Amino acid sequence: MSKLAADPAYETFVLNMGPQHPATHGALRVKLLMDGEYIVEAEPVLGYIHRMHEKMGENRTYHQFLPNPSRLDYLSAMACTHGHVAAVERAAGLTVPERAEYLRVITVELNRISSHLLWLGAFVLDLGGFTPLLYVMDDREQILDLLERVTGSRLTYCYFRFGGLYNDVDDDFVDGARAFVKRMRDKLPMYHNLISKNVILRQRLAKIAPISAEMCRKYGATGPVARGSGIPYDVRKHEPYSVYPEFDFDIPVYEDGDCMARYLVRMDEIEQSLRIIEQGLDKLPDGPVMAEKVPKIIKPPKGDYYCAVEAARGSFGIRLVSDGTNSPYRLKLRSPCFSNVSLFGEAARGLLLADAVALFGSLDLVIPDIDR
Amino acid sequence: MSELPEIFRVWFFVAGIMALVGLNAAFSVWLERKVSGHIQRRIGPKEVGPYGIIQPIADGIKLMTKQLVVPAKADPLLYRLAPALTMITAVMVFVVIPFGPALVAVDLNIGLLLIFAISSVNVLALLMGGWGSNNKYAVISATRAVSQNIAYEVPMLITVVTMVMISGSMNLNTIVGQQQNLLQWYIFPWNGSILLPVSFLIFFVCAMAETNRAPFDLGEAESELVAGFHTEYGGMGFGLFFLGEYGHVFVGCALASILFLGGWQCPLGLLPGIHWMLLKTYLLVYVVMWIRWTYPRTTIYGLLNLSWKVMVPFSLAILVLTAAMLKVF
Amino acid sequence: MNSYFKEIYDGGKSLVVGLGITFRYMIQPVVTLQYPRQTVKMAPRYRGHIDLVFDAAAESGNKCIACGMCQRNCPSGCITIKSEKPEGAKKKVLTGYRLDFTKCSLCGLCVESCPTEALEFSKEYNLAGFKAEDYVFDLLKRCEERRR
């Protein structure tokens, strides 16, 4: 950064998109070296919201760590909890009853839809369109009401337990979820007409900040960012966990790698999640939601375990190193947004400031997930 | 009116125009918040007064009681002069706008030219505000706004020249007088040139771009550059920019309604007067607000391309076509 | 040349469609609730801060046996229990239950691990205060107040 900045022949100035900025969605600082309105170099500075979740993992027992994964990527909290619970179940050798697995998938997919809806609203807000944010909040309210009636919380659900779920759902949830699926299916064409087909938005997003598949592999980007660059990788299909093999869904992949491709990937993912929820509600078996013999104090055998799930932003992984005691020796969280934000430094070279904001929004970052 | 000494007439119009500018700002603020609220499926202000009608007064009181902070390294003259200049240009233009059959402050024969001459000074005010703030964000947005304003003045002026060719005079009162009933409004294609509705559209879009209203509000892009050229302004400085912007919006819409929609004339020729003028102008202001809350912001290149590659060729083509048609028919 | 005009036409059409959508929403009734004049009834499972379950049959009014499981299981250390064993009695009696809500993450481990199911989530959502002490709840006192 400093070599180019100190060169007097190259008239540049440093612009600080500071930790408090409307477009950085959290406490992220980006140091931009600008030549007029073009970005010459970009450097994200992290760490403003580091809360030592991995250290907390070492000091707490397995049960006591349960509220923590929700606070990482709080918009897709169910998926992060799923990752943690699946990792510990893999380590301790617990089997989860069928009904619990199906309900886990249904609630995770509902959470994925709510996360993508909020991303849509915030992204278009960054680009200057103020209304879709509020339309999205209206739809998201339906999901949050459904999940509140089941779990009791609206954002950071602590719903999964080792061996199953905290409590069961009732018929109201099933009816409400079906009504929501129908409502969302009717709303998606409206969103496409208002936002995706709008000529101003197309100009804003098409061919902006292309990220090649090679660059994605270099930085380890996963999720809609990688799928928008042509890499057809989805943890649900390629390393299946839970009951995902029973469902029939596609993974949208677009080749272009520009902001429009990433946008369309997420919109199509909403449609696919609706399909999964419908199939899940149709196939929901009866039975218990908690495994029979779950020890009160979990002590997995010594070893190294890893479990990855598909959160809304990419592949969220938990690596558990257990030394046979009731709290882990090491609990490493692999955060998808951390790999995605490392793309920003290279992809933002030569962009206008407005396009850098569009790139930032299309990467869909949640800063607490980066800093953990 | 003509029997009274001139001084009464002058004072009447000075007081009237200042009142109109102030009330227009208040009403526009209320209208904007209500329109944006209903588009976003919520109601706007409702607590202060019935339907929130006193809300703008509360906002005004708040702005006036705030401390006027001047940044330490800001240019003292430019920083303080910029909001005043915006307001001045907005108010000065009201002098030639005909509000009613005899309600025009100065009946200038070159009224149209005066309006554009004075509105162009608004660009200077933006640049002064951005540079005088000594803030990188403000400078970036001020330069964006200057290039945008210059680009959109060209098609606007070409369209106005077309209208002057059709009506034959630059006196706004005369132009309104020529549009007596609904069929004679200049927006309809049979009144001069076949592409007159397109002309109206071009004029309307250029008016929106001139006043830095969304989707062309790169100058004050809220989510990218904090607040653009008025980042460093608080309290009444910001209030003056605000007032000036709404004043310019009113002037743009008033001009559109005078040139194309008949000004203070009634569609059926019954009761001409100021109420028709206000109705038409505020209808256009409502459409401007409706457009703001629907679309995202354009990029700087999209904006400039729209102006130079679409608006200018179309307006030049309409000018040539109008000249040809006027010669033939 | 053709694509130039087609681009303008398609762009214009998309803009008009967008305007139509917002107009349709503008004339429909609002979906918001005018809080605080209208309030929402909380769902039965809503997670407010925990409360001791009021038991009319028990002498003390609650089902707590002062075992301390909730205190041990809480990841954030919000719960402090004071108990004593009166002379000649076989069991401990709860004398104080202090919940520091500023640290609570509403995980539900306390409610789940209680052997007598003495804890439940309250439906309190309207908590606003000026000091941190406003959020330290004395659950035994709250249970006594509910007895009356």
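In chain A, strand β2 and strand β3 (residues 38-45) run antiparallel to each other, joined by seven bridges. Bear in mind that this is a predicted model.

- A:Val30 sits across from A:Pro44 in β3(A).
- The hairpin of β2(A) and β3(A) has two residues between its strands, and A:Gly36 in that hairpin adopts a positive phi near 70°.
- β2 (residues 29-35) of chain A also pairs with β1 (residues 13-17) of chain A, again in the antiparallel sense, this time over five bridges.
- If you want a residue pair to look at there, A:Phe13 has A:Met34 in β2(A) as its bridge partner.

**The β6-β7-β8 sheet of chain A**

- Three strands of chain A make up an open sheet in the order β6-β7-β8, with antiparallel pairing.
- β6 (303-311) and β8 (330-334) of chain A are the edge strands; each has a single partner strand, so one side of each has no neighbour in the sheet.
- On average, neighbouring strands in this sheet are turned by 15° against each other, ignoring direction.
- Nine bridges link β6(A) to β7 (residues 314-322) of chain A in the antiparallel sense.
- Along that pairing, A:Gly303 is found opposite A:Ser322 in β7(A).
- As a general point, side chains in a regular strand alternate between the two faces of the sheet.

**Where chain A meets chain C**

- Chain A puts 27 residues into the contact and chain C puts in 28 residues.
- On the chain A side, A:Gln64, A:Tyr135 and A:Tyr166 lose the most area to chain C, together making up 21% of what that side buries.
- About 2,200 Å² is buried between chain A and chain C, with carbon and sulfur atoms giving 56% of that.

- A:Arg161 forms a salt bridge with C:Glu112, and their closest N and O atoms are 2.5 Å apart.
- Polar contacts across the interface of chain A and chain C come to 14 residue pairs, with both residues at pLDDT 80 or more.
- The elements of chain A that give two or more residues to the side touching chain C are α5 (131-151), α6 (171-196) and α7 (199-205).
- Of that side, the largest share comes from α5(A), with six residues.
- Sorted by class, the side of chain A that touches chain C has 10 nonpolar, eight polar and nine charged residues.

How values were computed: Residues numbered from 1 in each chain as written. Chains lettered and ligands numbered in written order. Heavy atoms only, no water. Contact = heavy atoms within 4.5 Å. Buried area = accessible area lost by both parts, 1.4 Å probe. Salt bridge = Lys/Arg side-chain N within 4 Å of Asp/Glu carboxyl O. Polar contact = N/O pair within 3.5 Å; in protein donor to acceptor, adjacent residues only side chain to side chain. Helix = DSSP H or I, 4+ residues; strand = E, 2+ residues; numbered from the N terminus. Nonpolar A, V, L, I, M, F, W, Y, C, P; charged D, E, K, R; others polar. Pairing = 2+ DSSP bridges. Axes fitted to C-alpha atoms, helices over the stretch in contact; angles between N-to-C directions.
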